[in-house]
Amino acid sequence: SSDLMHRTLISEGLLHGIEVANGENYSQEALAIAQENNLTIMGTSDIHGLIDWLYDIPNGGHRPVTLVFAKDRTEEAIKEALFAGRTVAWFKNNLIGNEEELHLLLKSCLETGEASYIDETSVLVAEIKNNSDARFVLRNLSEYTFYLNSDLVEIPPQSSIKLQIKTKETRTSVNVNFEVLNAITAPGTHPEITLEFEIDQD
């Protein structure tokens, strides 16, 4: 069977990576195999037609791609990163990868901006910037609640949003923990990030 063939190739060190996303399909099973066997996670498109049509590029779609965390743009550095498994697959707005690479990516994509309290209240207006082409979907895991937003927060690509956070008392800094729902570290598992807001003292 093909399963036996794959196990043989992996055990003999002949298979180093696996597609977790291809074209229109994402495989949780492939992601589990990648993590069980320390294989490089990849996203590919296997496209034989027009990319713009199949992936609706004019309306913000994208083909599945593999993001490679290389030390520089040389062939050697890219090859080294691929064999070391420093990749994230980007598929239908989902970022799929190992926790370490995903955390690095999330830290560079999501930044905190200005934060200040409304007048004499304990409602903090806090900016989150999204520097990426992905639309982030965050779920609030913190003790704080929001005005205007539920616990689900969406940040469109290359833009920012302002949350109104009820902090109960005024603080000089606030940490808000989120689960990143459009990032996947294992089947059914999403990474968590902490965004720290330094509050403007007027």
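**Sheets, helices and cores of the predicted model**

Helices (H or I, at least four residues) and strands (E, at least two) are DSSP runs numbered from the N terminus. The model is predicted, and local features need pLDDT of at least 70, side-chain atom pairs count only at pLDDT 80 or more, and totals for chains, interfaces and linings use all residues. Residues are numbered from 1 along each chain as its sequence is written, and side-chain values use heavy atoms, with hydrogens and water left out.

The secondary structure of the protein comes to five helices and 15 strands. Of its 202 residues, 37% are buried, a term that stands for under 20% relative accessible area, with exposed over 50% and partly exposed in between (1.4 Å probe, protein chains only). Among the contacts with a separation of 6 or more, 52% are between residues 24 or more positions apart.

Strand β6 (residues 94-97) is joined to β14 in the parallel sense over two bridges, and Leu 95 has Ala 183 of β14 as its bridge partner. On helix α5, the buried residues are Glu 101, Leu 102, Leu 105, Leu 106 and Cys 109; these cover an arc of only 130 degrees around the axis, which puts them on the same side of α5, the arc being that of the directions from the helix axis to the C-beta atoms. Glu 100, Leu 104 and Lys 107, on the other side of α5, are exposed.

A second open sheet, of three strands, has the order β2-β1-β3 and again mixed pairing. Strands β2 and β3 stand at its edges with a single partner strand each, so one side of each is left without a neighbour in the sheet. Thr 40 is buried, its relative accessible area being 4%, and, when neighbours within four places in sequence are left aside, Thr 40 is in contact with His 16, Gly 17, Ile 18, Leu 82, Phe 83, Gly 85 and Thr 87.

Helix α2 lies across β1, β2 and β3 and runs at about 160 degrees to β1. In α2 (residues 28-37) the buried residues are Ala 30, Leu 31 and Ala 34; seen down the axis of α2, they fall within an arc of 100 degrees, so they line one face of the helix. The elements covering these buried residues include β1 (17-22), β2 (25-26), β3 (40-44), β6 and β14. The face of α2 turned away from the buried side carries the exposed residues Glu 29 and Glu 36, and just after α2, Asn 38 takes a positive phi of about 55 degrees.

Two aromatic pairs are held by the structure, rings of Phe, Tyr and Trp (its six-membered ring) being paired if their centres lie within 6.5 Å, with planes under 30 degrees apart counted as stacked, over 60 as edge-to-face and the rest as tilted. Tyr 26 and Phe 91 form a tilted pair, at 6.4 Å centre to centre and 35 degrees between the planes. Because Tyr 26 lies in strand β2 and Phe 91 in strand β5, the pair ties together parts that are 65 residues apart in sequence. Tyr 26 is partly exposed at 27% relative accessibility, whereas Phe 91 is buried, with a relative accessible area of 5%.

Elsewhere, strand β8 (residues 123-130) and strand β12 (residues 159-166) pair in the antiparallel sense over eight bridges, and Glu 127 stands opposite Lys 162 in β12. Strand β10 (residues 145-147) is also antiparallel to β12, over three bridges, with Thr 145 opposite Lys 166.

The largest nonpolar core has 32 residues, of which Ile 128, Phe 136, Ile 165 and Phe 178 touch the most other members; such a core is a set of buried Ala, Val, Leu, Ile, Met, Phe, Trp, Tyr and Cys residues joined through side-chain atoms within 4.5 Å. Apart from it lies another core, of 13 residues, including Ile 10, Ala 21, Leu 39 and Ile 184.

Definitions and conventions. Two strands pair if DSSP finds at least two bridges between them. Contact means heavy atoms within 4.5 Å. Axes are lines fitted to C-alpha atoms, for helices over the stretch in contact, and angles run from 0 to 180 degrees between N-to-C directions.
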